[in-house]
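Please keep the sequence and the structure in view while reading.

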Amino acid sequence: MPHILIVEDETIIRSALRRLLERNQYQVSEAGSVQEAQERFSIPTFDLIVSDLRLPGAPGTELIKLGQGKPVLIMTSYASLRSAVDSMKMGAVDYIAKPFDHDEMLQAVARILRDRANAPAPSPVERGNGKAASADKALPGNANGEIGIIGSCPPMQDLYSKIRKVAPTDSNVLIQGESGTGKELVARALHNLSKRAKAPMISVNCAAIPESLIESELFGHEKGAFTGASAGRAGLVEAADGGTLFLDEIGELPLEAQARLLRVLQEGEIRRVGSVQSQKVDVRLIAATHRDLKSLAKIGQFREDLYYRLHVIALKLPALRERGADVNEIATAFLARQSARVGRTDLRFAADAEQAIRHYSWPGNVRELENAVERSVILSESAEISAELLGIDIELSDLVDDDEYIGLAPQQNGANSTSHEPTEDLSLEDYFQHFVLEHQDHMTETELARKLGVSRKCLWERRQRLGIPRRKSGVASES
C-alpha cells in the first residue's frame, strides 16, 4: 500500500484529502508545516508527498530537497500559478490548482505513483471497494490505455478510437465541444497515452487570465519588462518543455498572444516579454474551445494561420444531450462517487429521476450533471433521490417514451398544431427555440412556460442562454 504524506496548514483541506486517499486504499500521514513533517516523520520513506505551496514557515518546495528524490505534488491556488511553475523548475513532479476536483487529485496521484514504479498499475479507484470501484468499471479504456471517460455511445466510441491513434504522435490537437463536456479529460488522456506522459502537462484556461497578463504568464518576462516586474520569470510554455501544453478556451486568447504562440508552433522557440533573445522549447500543444474558430478567423478575431496550425487533428466532443443512455451511466457513476464521499451506501435514483436525467437537455453538460448529483446526495434524507431533489425543471408527465424523446409541449388545438411537433432532427434546445419564436406573439410568458412544462424563471434563463429576446408587443403585459 503506497504511503503518502500530506503537508497542508488548513485542517479542513488536510482532513478531507486524507479521507479521500484512505478511501482509495492509500496509507496517509499528515502534517501542518514542513517543520512538523520533519519532526514527526522520516520524509524520504514516503512514496509521495502532497504539499501546499504556501505554508507557515518554510514553503512546500523545501520538501523537494528533504524528500531526497521522492516525488512532490504541489497544491496551489490559481493566483500562485507562476510560483507553482517555479516549483516545478525546482524539481516538483507536478502541481494541482486549488480548488481541485477529487477525481483530478486521484488521477494525479495514481499517475505519479505509476510513473515512479515505471510499470502499469491499476488506478486507486480501481483498487477501492464498494460502489465507487464498481462504477468505474464502466470507464472505457481502463484495460487499454486508461482513457478514463465514461460512456459507450457510438460518438464516444469513435472518439476513444481517435484518441488512441492520435495520442502517440506529436501532432497538435484541437478539441471542440460545449462547455462542461469534458475537454480537459480528453486532453489528459492524450497526454497520458503519449510518449510525453512522464513530463508535465501544463493546463491553462485562457479566459481566466487577465488580457494584460496573458503574454507574461504564457511566455515569461524579464526583469523590468513592465511595471512590477522586479525579477525575471519563466512562463507556462517553458514549464511545459518536453511535455504538453493544454490551452483551454483558446478562442479567448488575444491576437498579440496568438502571434507569439504561432512562433512556438512554427519555430519551436519562445521569447520572453522584454527579452531580445529566443530559446528553444519542445512542447506539444493541445487546445480546446467551445467557439467556432473558423468563423472567428473569417471576421479577424482569430489568426487564420494559427487556426490551421491547431487544426491538424480535430476531436469533437458530443454534448451530453446527444449521448443517449450514456447520461444515466454517467449519473450512476457520479452517484456512486458522491455516496462514497459522504459514507452512504443506500442511495439510488427514483424512477422519475432516472427518466428526468435521460430527457433533460443538460445545457451545462457533464459538469451540470455532476453538480446536480452532488447537491442531491448532500440534501437527500431518504434512500431514493427524486427528480425534484436533482433540481431538474422538466414536466415528466409529457415524456411518453423512456427510450426516445417525444416532446415537452402538449399539442395545440387547431390546424397548425402538427407543424410545431418536434421531430427526431430537432434537439431539445432547437425545439425550445422554435416553439418560443412561433408562439411568443400570442402567448404570455406564463402560458409559454406552462406549455413547455417549465417555470417562468427557467423560461427566462433559457431565453438569455439562447439569445431569444422577449418581444414587447403583441401580447398584453403581465403583472
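Is Gln25 buried, partly exposed or exposed? With a relative accessible area of 27%, Gln25 is partly exposed; buried means under 20% relative accessible area, exposed over 50%, and partly exposed in between, calculated with a 1.4 Å probe on protein chains only. The model is a predicted one, in which local features need pLDDT of at least 70 and side-chain atom pairs count only at pLDDT 80 or more, while totals for chains, interfaces and linings use all residues. Residues are numbered from 1 along each chain as its sequence is written, and side-chain values use heavy atoms, with hydrogens and water left out.

**Loop residues with positive phi**

- Gln25 belongs to the loop between helix 1 and strand 2 (27-31); helices (H or I, at least four residues) and strands (E, at least two) are DSSP runs, numbered from the N terminus.
- The phi angle of Gln25 is near 70°, which is a positive value in a residue other than glycine.
- Gln68 also has a positive phi, near 50°, and is likewise a residue other than glycine.
- The loop that holds Gln68 runs between helix 3 (62-66) and strand 4 (72-77).
- Gln68 has a relative accessibility of 63% and therefore counts as exposed.

**The buried residue Glu8**

- Glu8 is located in the loop between strand 1 (3-7) and helix 1 (11-23).
- Because its relative accessible area is 0%, Glu8 is buried.
- Not counting residues up to four places away in sequence, Glu8 touches Ile13, Arg14, Ala31, Gly32, Asp52, Leu55, Met75 and Lys98; contact means heavy atoms within 4.5 Å.
- A polar atom of the Glu8 side chain lies 2.9 Å from the backbone nitrogen of Glu10.

- Arg263 is part of helix 12 (residues 255-267).
- Its relative accessibility of 33% is why Arg263 counts as partly exposed.
- Leaving aside neighbours within four places in sequence, Arg263 is in contact with Gly268, Glu269, Arg271 and Ser278.
- The side chains of Arg263 and Glu269 are joined by a polar contact of 2.3 Å; such a contact is a pair of N or O atoms within 3.5 Å, and within protein one must be able to donate a hydrogen and the other to accept it, while residues adjacent in sequence count only if both atoms are side-chain atoms.
- Arg263 and Leu306 are 43 residues apart in sequence, and their C-alpha atoms are 9.5 Å apart in space.

**Packing of helix 8 and helix 9**

- Helix 8 (residues 154-166) and helix 9 (residues 183-192) pack at an angle of about 40°, and their axes are 9 Å apart; axes are lines fitted to C-alpha atoms, for helices over the stretch in contact, and angles run from 0 to 180 degrees between N-to-C directions.
- Helix 8 and helix 9 are therefore oblique to each other, given that angles under 35 degrees count as roughly parallel, over 145 as roughly antiparallel, 65 to 115 as roughly perpendicular and the rest as oblique.
- Leu159, Ile163 and Val166 of helix 8 make the contact with Val186, Ala189 and Leu190 of helix 9.

- Asp441 lies in the loop between helix 19 (428-439) and helix 20.
- Asp441 counts as partly exposed because its relative accessibility is 34%.
- In helix 20 (residues 445-452), the buried residues are Glu445, Leu448, Ala449 and Leu452.
- These residues are on the same side of helix 20 because they cover an arc of only 95° around the axis, the arc being that of the directions from the helix axis to the C-beta atoms.
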